[in-house]
Amino acid sequence: MITLIGAEGSSEYQAALLVRDALETTWPGLSTSAREVDDVRIAVSTKLSGYQVQDIDIVLAGRFSKPRMFKPLRVIRGSSGNKLNARPIMVESFVVAIEVKDHDERGVRIMDDQVEVKYSRGGPLHWKSATDQNIKQMHALKTYLSDMHVDVFARRCLIFPSLGSISAPSAVPGLFNAHHLMSALASSSPLLERRGQGLLSAGDASNLEKALAAPIFKAAIPTRLDRERMDRLAAKNPAVDDILGKVGEGTVFLRGFAGTGKTILLLQAAWKLFRTDGKRTLVLTYNHALAADMRRLMALANIPSSVEAGGIRVGTVMSFLYRWFSRLGLLGDDPLDYGEYPRLCVEALELIEGEAVTRHEIDAIIHGDPDTFDFDQVFVDEGQDWPSGETALLKALYDPTRLCVADGVDQLVRGARADWRKGLARDKRSTLPLGKCLRLKRNLSLFVSGLAGQTGSAWDAEPNAEAGGGRVIICTKPYAKMRSLHERLVEDLRSEGNDCVDMLVCVPPDGVVTRQDARESLVGAAMNEWGQANWDGVDPQARSDFPRDPGQVRIVQYASCRGLEGWTVVLDGFDRFLKATFEAKLAAGLSPDEEEGFVDLEKAAVGEAWRWGLIALTRPIDTLVVQLDDPSGRFGSQVLGIARNFPDFVEILD
């Protein structure tokens, strides 16, 4: 059986059809055989969330119950070093990263064993190695599977649909059959040998079954809310035109409270730059869970991120800058010590400002590895929370006129407010204020506004009158013990045309446990017992990929919730989290700026707690569930006090 997964209409999909047809033509009956006999999966435009290479045009994997044969059309060597061209080669299984290049003969050159292609990002044409890119994809695919405890041997292949022939190993032109394709795969690395005959195998049967069951071979099905988010990407928005009218003239700042649509506005602007001009935008955030969420949207919308096609690449700032540190020669052979990150930012900036690394050398790094470093625009989410070393370094690496920064008014969680404007002339910066709350329905806005007013928190977004409704549920029993409530919420989700992935559950640090080197939330463990599929984002392993199954509930820690949204949001142990944040601030003491301003420590600790609280409270669209451990405590009583002011849409469960 051959299963092809992916959005139709793209060049990559057309190439995947060529792969399918080549296999079926050479090995008749393959596409109709039982899955237990032959299982071949072809995934188009695969996104590997959180890996150095995020996009692979085609991932091909398969296993045969009985080996199939192909005639080697190139020099194929075995692990012994002997040539294996005298006899047909057996194919038992394969896992392959395939890169599709649509260049014609004028845009392709072969240098020894390297295939290079031309590319341009709005400037002079450059040559880049398609072979190196394909090797990186192969390693990323192997690492992705290895992180899932799947041990396979991955191979690679380049497809050039517009070429009539190509002499490079591990590459095929537009007209190919399985003999050509398998010869290209086999030439990338020595084959196994069985009694003097070549054997193409990716590993043992159990590992191949696990690889074929990997999430990348499951079609991501958008929910109603997903479709609305995709529609919002393409919707006309005057604010997007305001951004694009200023991009290129200076740094653009989007300033607004939580829920005013800063993140989606960044993505809308990046999408329009891609659709109208083919530009490539890097969107940076420090939040791994948010990065996974944005990558999921990019995958559902089939938005590329390649140098040639343009598009949107989502990354975390620390991971991105560590790649720069490596290229700047700041990393040794020792394992990475992320505690050294602030020092490395300073050292990298000193190299550039002291001209030990010149602009010419920076450009050479960019053009030498365009997939990693070459972008037309760099958009920054939650920019108010970036340390000064990060902001200054990013502005030194990329022209500030390429930057667009989303600035949350009072959502600081990493330290002092970032000063992106330092060193920028007034005519090289512009601010776009965002005043209306676009995420929360009207009733939720009223509830959050009431809490913000009572607690003295800085959240004053204008309710969206066009989005009426919304409800709040207050409960005192831990969510892990409220299966009936959960089932009711899921039923309500689905009745609205949504699915479980549109539910977000936030948990405090003490709601997370470590079991066998993996982290798990208590809520996630309970859901597993209920039979409820979930994406438990408290585990770094889970955060390396986005939830691909619409039936999965998303779970994150409060520290990872910023920028995320859900139709239904559950805040488990909300007052417990606020209390822990309050006590942590008391223990840490005042910052130097707070000491200079004669700020009262307890007042600062309360402010810190509610700053985080408002971030969490502004995640929902329609339904907010707040679980309180101590309704009569400092924070629980404040929540209940406001809740009782809105009996029409607040339900309090004893």
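Modeller: A crossing of two helices is called left-handed if the near helix is turned anticlockwise from the far one by less than a right angle, and right-handed if it is turned clockwise. Please keep in mind that this is a predicted model. In general, two packed helices are described by the angle between their axes and the distance between the axes.

With that in hand, we can look at helix α9, residues 317-327, and helix α10, residues 341-353, whose axes come within 11 Å and cross at roughly 50°. Because of that angle, α9 counts as oblique to α10. As for the handedness, α9 passes α10 in a left-handed crossing. On the side of α9 the contact is made by Val317, Met318, Leu321, Tyr322 and Phe325, while α10 brings Tyr341, Leu344, Cys345 and Ala348 to it. Sorted by class, this contact of α9 with α10 holds nine nonpolar residues, with no polar and no charged ones.

Let us turn to strand β15, which covers residues 310-316, and in which seven of the seven residues are buried, so that the strand is largely enclosed by the rest of the structure. In general, the strands of a sheet pair through backbone hydrogen bonds, either parallel or antiparallel. Both kinds of pairing are found for β15. Strand β13, residues 280-285, runs parallel to β15 and is joined to it by six bridges, and here Leu282 has Arg313 of β15 as its bridge partner. Strand β14, residues 305-306, instead pairs with β15 in the antiparallel sense, over two bridges, with Gly310 of β15 as the bridge partner of Ser306. The link between β14 and β15 is a hairpin of three residues.

Another helix pair can be set beside the one above. The axes of helix α20, residues 601-617, and helix α21, residues 634-643, come within 12 Å and cross at roughly 55°, and α20 and α21 are therefore oblique to each other. Their crossing is right-handed. Here Glu602, Val606, Ala609 and Trp610 of α20 meet Arg634, Phe635, Gln638 and Val639 of α21. The residues of this contact of α20 with α21 divide into five nonpolar, one polar and two charged.

Elsewhere there is an open sheet of seven strands with parallel pairing, in the order β23-β24-β20-β25-β26-β19-β27. Its edge strands, each pairing on one side only, are β23, at 534-536, and β27, at 650-653. From one strand to the next, the twist averages 15°. Within this sheet, strand β19, residues 471-475, pairs with strand β26, residues 620-627, in the parallel sense over five bridges, and Val472 stands opposite Leu624 of β26.

Because its relative accessibility is 0%, Ser445 counts as buried. Apart from its neighbours within four places in sequence, Ser445 is in contact with Cys437, Leu440, Trp459 and Pro463.

Notes:
Residues numbered from 1 in each chain as written. Predicted model: local features only at pLDDT ≥ 70, side-chain atom pairs only at ≥ 80, totals over all residues. Heavy atoms only, no water. Axes fitted to C-alpha atoms, helices over the stretch in contact; angles between N-to-C directions. Helix = DSSP H or I, 4+ residues; strand = E, 2+ residues; numbered from the N terminus. Parallel < 35°, antiparallel > 145°, perpendicular 65-115°, else oblique. Contact = heavy atoms within 4.5 Å. Nonpolar A, V, L, I, M, F, W, Y, C, P; charged D, E, K, R; others polar. Buried < 20%, exposed > 50% of the residue type's maximum accessible area, 1.4 Å probe, protein only. Pairing = 2+ DSSP bridges.
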